[in-house]
Amino acid sequence: MGRKLTRNIAYWMISILLCSLTWLTSGCKDDFTNDGKYKLSFSVDTLKIDTFLTNTTSPTEVIMVYNNNEEDIKISVIQLETERRFFKINVNGKAGELFSDVKISAKDSLFIFVQISGDELGKEEPLLIEDKIKFIYNGNSQEVVLSTYGQDAYHFRQPFHIQTDTKWAADKPYLIYDSIIVDPGVTWTITEGATLYLKNRATFVIDGTIKTEGTTDKRIVFRTYRKDKYTQNKSYDQMVDQWGGIHITASSTGNVFNNTLIRGGSFGIEVDSAEINESEYRLTLLNSQIHNVGTSCLKASYANIYAVNSILSNGKNGSVILACGSYWFDHCTITSFNQGMGFYKSGVTLSTIGFVESKSEANAPIDAQFHNCIVMGSNKDDLMILQAEDITDTTTLHYLFNHCLVHLDKKNDLQEDTIHFVSTLFNEDPQFQIVDQSKVTFDFHLKEESPCIEAGDLGVVLKREKCQTDFDGVTREIERAPEMGALQFVAKTEEEEEEAQKQ
């Protein structure tokens with residue numbers, strides 16, 4: 001019995017030893033091809049990354065390296081070409097600048113992650129920055145080009161108070177991490193072409209006055225700092241709730257947004273209740289757009305506002321919400337294609353009930369006029385009228401839609417109202433150029449077959465100078481009726497038609 005046990009132990013020891021030798025020799029065997037005819041392929045030849053701001057780190061981009069051959073390949077060297085390291089790479093989870101003997105099996109791939117970071121460039125204009133990732137193996141040398149523009153920026157990392165009259169120029173963009181507060185009695189002016197990149201805590205509190213002085217060619221932009229994509233077809237710049245919004249408080253008046261684009265916030269502009277001074281608007285919107293926000297594009301209570309040639313589009317809790325005040329809209333396009341979960345889901349909500357708890361302010365008059373506007377969305381009703389049940393004075397709720405397109409439920413009896421709706425088109429499709437909710441892509445220019453073409457009131461254009469050009473600066477001809485909405489129809493050239501068909 002003892003001899004048998006000893007023999008068995010010896011047998012197993014020899015077997016283990018032979019298996020170990022086999023594993024070691026197979027592990028040491030070079031199974032990687034040395035034949036230079038086998039080449040790697042890449043997901044891109046040139047990785048183009050949107051402009052990054054210095055003193056920050058860009059979002060991560062990915063390059064895929066494919067070995068589509070039947071043989072394993074060992075890459076002798078993966079390295080960045082230049083010495084000044086704006087680009088940072090990570091190969092299969094390991095960061096560095098030089099990688100040796102990187103193995104990639106047959107019919108397999110590896111990931112290379114790319115980021116950009118760097119100090120100030122000392123330049124006002126964006127600077128082209130390029131590098132190359134070199135791959136050397138089996139006598140082959142291949143490369144992937146990395147290309148971006150770097151730009152210096154003004155950084156506001158902490159809450160910042162504007163305490164004296166201040167003008168922000170457009171020489172460099174602004175990267176804002178937290179709140180900007182404009183103190184009472186102070187005017188903050190932003191000049192044409194300025195871009196404000198906003199992180200998630202960025203919110204603007206206007207106790208004084210804000211004035212943006214954009215132009216058609218050099219608009220001012222408020223947007224998320226993120227320029228990368230969260231899916232293959234959608235970018236963070238198309239998402240809502242990327243930053244806060246613009247809050248105009250009770251002490252603020254005389255605010256003007258001219259040729260300004262505001263998008264991607266949790267809200268657009270909110271105007272607090274205050275005593276109305278009829279000699280000055282608390283807010284004027286000229287040739288501006290507030291787009292894709294988490295709640296409302298424009299919400300105001302006890303305020304007076306004038307908006308012309310402006311686009312208020314896709315507030316998830318209603319694009320325009322107005323209560324207890326005086327409001328005038330000329331040639332505006334108001335849409336609500338974002339399906340929200342809140343109470344105010346219509347494109348426009350008009351209310352005699354203020355957004356305050358005080359009983360003395362619970363109900364007050366509202367005067368809201370819309371001339372040559374489009375109110376259209378994907379809701380059952382894109383106009384909501386709210387009035388307290390115990391209010392019997394018909395002058396408390398005054399509104400007018402003159403030569404407008406309005407989307408209403410087919411059962412809504414407002415369609416029979418000829419006092420508040422003059423020459424109004426109900427439930428017509430305005431025929432916007434692009435409404436693609438799945439890709440969050442919109443173009444509110446009109447198609448040639450749009451019923452809004454020449455359906456506006458020419459008297460509005462003749463009476464009000466700011467209506468004589470549209471959002472794009474296109475002249476509204478006085479020989480014919482204008483289009484409804486913020487954008488005149490302009491026929492495409494043959495070249496533009498061909499390009500559109502290619503897309």
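Trainee: Where is the place of asparagine 309?

Mentor: In this predicted model, asparagine 309 sits in the loop between β29 (304-308) and β30 (311-315).

Trainee: Why is asparagine 309 called buried?

Mentor: Its relative accessible area is 0%. Buried means under 20%, so asparagine 309 is buried. Its phi is positive, about 55 degrees, although asparagine 309 is not a glycine.

Trainee: Which phi does lysine 107 have?

Mentor: A positive one, of about 60 degrees, and lysine 107 is not a glycine. This residue lies in the loop between β8 (98-104) and β9 (108-116).

Trainee: Is lysine 107 buried or exposed, and what makes it so?

Mentor: Exposed: lysine 107 has a relative accessible area of 54%. The label exposed needs over 50%, so 54% qualifies.

Trainee: Let us turn to charge pairs. How many salt bridges does the structure hold?

Mentor: It holds 13 salt bridges. One of them joins aspartate 237 and arginine 223.

Trainee: How do you know that aspartate 237 forms a salt bridge with arginine 223?

Mentor: Their closest N and O atoms are 3.7 Å apart. The cut-off is within 4 Å, so the pair counts as a salt bridge.

Trainee: Where in the chain do aspartate 237 and arginine 223 lie?

Mentor: Aspartate 237 is in the loop between β21 (220-224) and β22 (246-248), while arginine 223 is in strand β21. They are 14 residues apart, and the pair links distant parts of the chain.

Trainee: What makes aspartate 237 and arginine 223 buried?

Mentor: Aspartate 237 has a relative accessible area of 18%. Arginine 223 has 9%. Buried means under 20%, so both labels hold.

Trainee: Why is the contact of aspartate 228 and arginine 226 called a salt bridge?

Mentor: The N to O distance is 2.7 Å. That is within 4 Å, so the side chains meet in a salt bridge.

Trainee: What sets the label of aspartate 228 against that of arginine 226?

Mentor: Aspartate 228 has a relative accessible area of 10%, so it is buried. Arginine 226 has 22%, so it is partly exposed. The line between the two labels is at 20%.

Trainee: How do you know that aspartate 330 and arginine 464 meet in a salt bridge?

Mentor: Their N to O distance is 2.6 Å. The limit is 4 Å, so the pair qualifies. Aspartate 330 is in strand β32 (residues 326-330), and arginine 464 is in the loop between α2 (458-463) and α3 (494-502). The two are 134 residues apart.

Trainee: What are the accessibility labels of aspartate 330 and arginine 464?

Mentor: Aspartate 330 counts as buried, at 0% relative accessibility. Arginine 464 counts as partly exposed, at 21%.

Trainee: Which residues are linked in a network of salt bridges?

Mentor: Glu454, Glu477, Arg480 and Glu483. In general, side chains of opposite charge can pair when their charged atoms come close.

Trainee: On to the cysteines. How many disulfides does the count come to?

Mentor: Zero disulfides. Take cysteine 404: the nearest cysteine sulfur, that of cysteine 373, is 4.7 Å away. A disulfide needs sulfur atoms within 2.5 Å, so cysteine 404 is in none.

Trainee: Why is the sulfur of cysteine 467 too far for a bond?

Mentor: The closest cysteine sulfur, in cysteine 332, is 8.6 Å away.

Trainee: What makes cysteine 404 and cysteine 467 buried?

Mentor: Cysteine 404 is at 0% relative accessibility. Cysteine 467 has a relative accessible area of 0%. Buried means under 20%, so both count as buried.

Trainee: Which residues form a negative surface patch?

Mentor: Glu428, Asp429, Glu448 and Glu449. Aspartate 429 is in the loop between β41 (425-426) and β42 (432-436).

Trainee: Why does aspartate 429 count as partly exposed?

Mentor: Aspartate 429 is at 43% relative accessibility. Exposed would need over 50%, and buried under 20%, so the label is partly exposed.

Trainee: Last one. Why does leucine 397 count as buried?

Mentor: Leucine 397 is at 11% relative accessibility. The cut-off is under 20%, so buried is the label. Leucine 397 is in strand β38 (residues 397-402). Leucine 397 and serine 351 are 46 residues apart in sequence and 7.8 Å apart in space, C-alpha to C-alpha.

Note on methods. Residues are numbered from 1 along each chain as its sequence is written. This is a predicted model: local features need pLDDT of at least 70, side-chain atom pairs count only at pLDDT 80 or more; totals for chains, interfaces and linings use all residues. Side-chain values use heavy atoms; hydrogens and water are left out. Helices (H or I, at least four residues) and strands (E, at least two) are DSSP runs, numbered from the N terminus. Buried means under 20% relative accessible area, exposed over 50%, partly exposed in between (1.4 Å probe, protein chains only). Patches are made of residues with over 30% relative accessible area and no salt bridge: like charges are joined within 9 Å, nonpolar side chains (Val, Leu, Ile, Met, Phe, Trp, Tyr) within 5 Å. Accessible areas come from the Shrake-Rupley method with a 1.4 Å probe; for residues, only the protein chains shown count as cover. Lys and Arg count as positive and Asp and Glu as negative; His and the chain ends are not counted. The place of a charge is taken as NZ of Lys, CZ of Arg, CG of Asp or CD of Glu.
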